[in-house]
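Open the model in your viewer and keep the side chains ready to display. The stops below are given in the order in which to select them.

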Amino acid sequence: MTLDRSVVHLEDTIVAVATPSGRGALALVRLSGPDAFAIAGKHLRPSPLQPRVTQLCGVHDGNELLDQALVTLFPGPNSFTGDDTVEFSTHGGYLVPSSVVAALISSGARQALPGEFTRRAVLNGKLDILQAEAIGDLIDARSQTMRRTALGQLDGGLSRRLLQLRSSLIDLEALIVYDIDFPEEDDGPVSRERVDKAANDIALSLKALLATAPTGELIREGAIVVIAGPPNAGKSSLFNALLGRSRAIVTEMPGTTRDALEAVIDSGKWPLRLVDTAGLRETNDRVEQLGIEVSERYLADAHVVLACAETSDSLQETIKVIAKNSSATVLPIRTKADLVTVRDEISGSQSGLAVSAETGAGLQDLLEAIDELLGREHGEAAPDLPILTQARHRHALSTACSEIEQFRRAWHEDNLPATIASVHLRTAVTTLEELIGTVEVEDVFDRVFSSFCVGK
């Protein structure tokens, strides 16, 4: 039977391996749903009795012992999904956890869909959609900043801020309704200035939150830091040194790097998508030309460009070439500092940051300089403040901002009846509710959870 993925089957008991497949010491099998305890009881000897107490049990399929596992019961609603849940900590590898899952399916469980456990947690009121997205971000985090940001969102920081904005919008709606329905009350009609001020405050708050989107995108996707310069300028050596391992081939032959190599490093403040590119020069070699074209595309998308050269004159020429292909901030780098003569050091002391991939000199200074540049241009990543990290967040806040601005314009110009102007407020409220998940929107759920792993 083929399961319709567009329908939520909350009455099913679902099962999946929650840890990555492959060779490992342990694996976690998660079973959740209304029949979880009954299904698990058919396969466990002895059967665990106490909730939230881990017990060593034999997992059987009929008379065959599949594994010795540590088993924990989590009765609903005090479980991750809100339903009765059983977690089996089995031995790792491919065969043992898959055999346990197969046995549980044979007794009535169903293979979980991607993200279905977390989706049930949302539907059962254990999480909102923003918190569910934060779980995915935490799993995918490639930097300490992304980890801290995801934990803040999982704790409900962004949700609370959006709920405050929603509450302010509803208060403003209430003012309009009061003025329409009870214009002759003792307090008199609501002053236009009062409505104007309330709408302006909400608009400013929405715009302030929306302004965090570029920073959130940088935290989530990483800042593109392109290493560029002429051939044999030490670009690949610098790439390897910053990465801490050899990814790029390093030779004395110019033009060795024919394609862009990309890797992510955690600088401490920002995740950096470090890109090693082909040397910038005129060439008749068609393959090398293609590599240079790739370099130019990366330069166009870069947040920071490290302009690399060995001498002061070459560095200035490199910066001019880069400026033709990129509007990003350029950080001049004098590579191979361990080979610089005293005369070169004096003449080039003001011509860029000196680094040595061979000795490691200047590398930490370089990372700090990149962090400082990104912080100056994109703002500091403050983990205790809510920020927007997804395109879905940005779109919803942009819509809400647009609606409140249309309301303000209509209210200020007095060219629409209050009942019609207030429709913009209702649309803004609905947009925030869909973003948080306080209203059930199936296509939003499908989009969010489709990227989750099966066991989550």
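Select Gly-244 and check its backbone: in this predicted model, Gly-244 has a positive phi of about 85°.

Seven of the nine residues of helix 9 are buried, so the helix is largely enclosed by the rest of the structure. Which residues of helix 9 are buried? Colour Lys-235, Ser-236 and Leu-238, then Phe-239 and Asn-240, and finally Leu-242 and Leu-243.

Now show what surrounds them. The buried residues of helix 9 pack against several strands, namely strand 8 (223-228), strand 9, strand 10, strand 11 (304-309) and strand 12 (329-334). Helix 13 (363-378) is also among their packing partners.

Select Glu-262 and Arg-273, which form a salt bridge with their closest N and O atoms 2.7 Å apart. The pair links distant parts of the chain, with Glu-262 in strand 9 (residues 261-266) and Arg-273 in strand 10 (residues 271-276), eleven residues apart. Glu-262 is partly exposed, at a relative accessible area of 28%.

Next, select Asp-12, Asp-83, Arg-110, Glu-116 and Arg-120 together. Salt bridges with shared partners join these residues into one network.

Move on to Arg-220 and Glu-221. Their side chains meet in a salt bridge, at 3.6 Å from N to O.

For the last pair, select Glu-433 and Arg-166. Here the side chains form a salt bridge, with 2.9 Å between N and O. Glu-433 belongs to helix 15 (residues 418-436) and Arg-166 to helix 6 (residues 157-181), so the pair ties together parts that are 267 residues apart in sequence. Colour the two by accessibility: Glu-433 is buried, with a relative accessible area of 9%, whereas Arg-166 is partly exposed, at 23%.

To finish, display every salt bridge in the model. How many are there? The count comes to 17 salt bridges, including the Glu-433 and Arg-166 pair and the Glu-262 and Arg-273 pair.

Note on methods:
Residues numbered from 1 in each chain as written. Predicted model: local features only at pLDDT ≥ 70, side-chain atom pairs only at ≥ 80, totals over all residues. Heavy atoms only, no water. Salt bridge = Lys/Arg side-chain N within 4 Å of Asp/Glu carboxyl O. Helix = DSSP H or I, 4+ residues; strand = E, 2+ residues; numbered from the N terminus. Buried < 20%, exposed > 50% of the residue type's maximum accessible area, 1.4 Å probe, protein only. Contact = heavy atoms within 4.5 Å.
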